[in-house]
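Welcome! Let us take a friendly walk through a protein structure, one part at a time.

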Amino acid sequence: MSKRLLGVFSGALSGVMGLAGVALAEAPRVATDIAPVHSLVARVMQGVGEPALIVRPGASPHGYAMRPSEAQALEKADLVIWVGEALAPWLEGSIENLAGTARVIELLDRDETHVLPLREGVAFAASGEDESGHEHEGHEHEGHEHGGHDHQGLDPHVWLDPENAHRWLGLVAGELAAIDPEHAAQYAENASAAQAELDTLMAALKAGIAPVRDVPFLVYHDAYQYFEAWAGLHADGAIALGDASNPGPARVAELRDMAQRHNIACVFSEPQFDPRLVERVFGDVAGHGVLDPMASGHAPGPDLYADLMRAMARSLTDCLGTYR
């Protein structure tokens, strides 16, 4: 190739690379808190850009020390989407300090989000409603002040309700379109396709769960009532008061007694907790399974949310299905 042609080719290639850089730079810079929320946002942004994930997989969102790269992603963000201070209280100050000019979507503050109050005590009331009389299909927000950040007493594990995820896909598409109208059609198309995929998946999973709906079980900490309400399941109780606390001897003894009296089929631990407690205390009275509400064993990305739902359903049916 002559030097002249080589120069023309190099110039053209540089122009193409430059245009690609411009297109990439025009994509909104989005920061998300946890992997399940990141997955839903990544699905809506497919073909346009990729959101940043602040809380790395496997880490607890309740208390977290950001890496410099994560703080930088927050600082550069045009849009921040997070569950809320009830899940990650430390993040509220970081958003205010680092992402002061960004648009912020706190999912617990949105009318699209169905919320439930925290359950209390060793044993949970067995009912189609929670203790406040909140019906799952009603989508009311009793005790939840959207404008005042009053999240006291609310269960923050809202991403485990796939109906919330379904509505958030449309919410995210609308928010992205507002700051990036050039790609509004792509966001809307992605959200619609993702909602259809989620509908198909959840119908199949709900059918698979149906045979074990009445089987009694315990969980390590009370993170699953949103999934339970959607699937028609009901945990009888939780070992720990929260995912940041360990159960005392009296609580463990009470739960073991309850497991024997209620013929508990399975006790579920979580990847971040030592399973030996479950095995030691309940090994001779119930089966043992593992639930992972954060999908820590899955690679972050647009497919993680569906993988989380499949894994949740599979763990429940595998363990509860052994009940006799």
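Two residues are in contact here when heavy atoms of theirs lie within 4.5 Å. With that in mind, note that this is a predicted model. In it, Phe-227 is in contact with Leu-160, Ile-209, Leu-233, Met-309, Met-312, Ala-313 and Leu-316, if we leave aside its neighbours within four places in sequence.

**The whole chain**

The protein chain has ten helices and ten strands. Of its 324 residues, 49% count as buried. If we take the contacts between residues at least 6 apart in sequence, 66% of them join residues at least 24 apart. The chain exposes about 14,900 Å², and carbon and sulfur atoms supply 53% of that area.

**The nonpolar cores**

Which residues touch the most other members of the largest nonpolar core? In this core of 68 residues, they are Ile-81, Trp-159, Leu-160, Phe-227, Met-309, Leu-316 and Leu-320.

| Element | Residues |
|---|---|
| Helix α2 | 35–45 |
| Strand β3 | 79–82 |
| Helix α5 | 162–179 |
| Helix α6 | 184–209 |
| Strand β7 | 217–219 |
| Helix α7 | 225–231 |
| Helix α10 | 304–320 |

Strand β9 is also one of these contributors. Helix α10 gives the most to this core, with nine residues. Apart from it lies another core, of 16 residues, including Leu-255, Phe-273, Val-281 and Phe-282.

**The disulfide**

A disulfide is a covalent bond between the sulfur atoms of two cysteines. The structure holds one disulfide. Cys-266 and Cys-319 form it, with their sulfur atoms 1.8 Å apart. The torsion about their S-S bond is about 95 degrees, so the disulfide is right-handed. This pair links distant parts of the chain, since Cys-266 sits in strand β9 and Cys-319 in helix α10, 53 residues apart. Both Cys-266 and Cys-319 are buried.

**A serine in strand β9**

Now look at Ser-269, which is found in strand β9, made of residues 266–269. Is Ser-269 buried or exposed? Its relative accessibility is 2%, and buried means under 20%, so Ser-269 counts as buried. What joins the side chains of Ser-269 and His-288? A polar contact of 2.8 Å does. Not counting residues up to four places away in sequence, Ser-269 touches Tyr-220, Pro-275, Val-278, His-288, Gly-289, Val-290 and Leu-291.

Key:
Residues numbered from 1 in each chain as written. Predicted model: local features only at pLDDT ≥ 70, side-chain atom pairs only at ≥ 80, totals over all residues. Heavy atoms only, no water. Helix = DSSP H or I, 4+ residues; strand = E, 2+ residues; numbered from the N terminus. Buried < 20%, exposed > 50% of the residue type's maximum accessible area, 1.4 Å probe, protein only. Areas by Shrake-Rupley, 256 points an atom, 1.4 Å probe, with all protein chains shown as cover. Polar contact = N/O pair within 3.5 Å; in protein donor to acceptor, adjacent residues only side chain to side chain. Core = buried A, V, L, I, M, F, W, Y, C linked by side-chain atoms within 4.5 Å. Disulfide = S-S within 2.5 Å.
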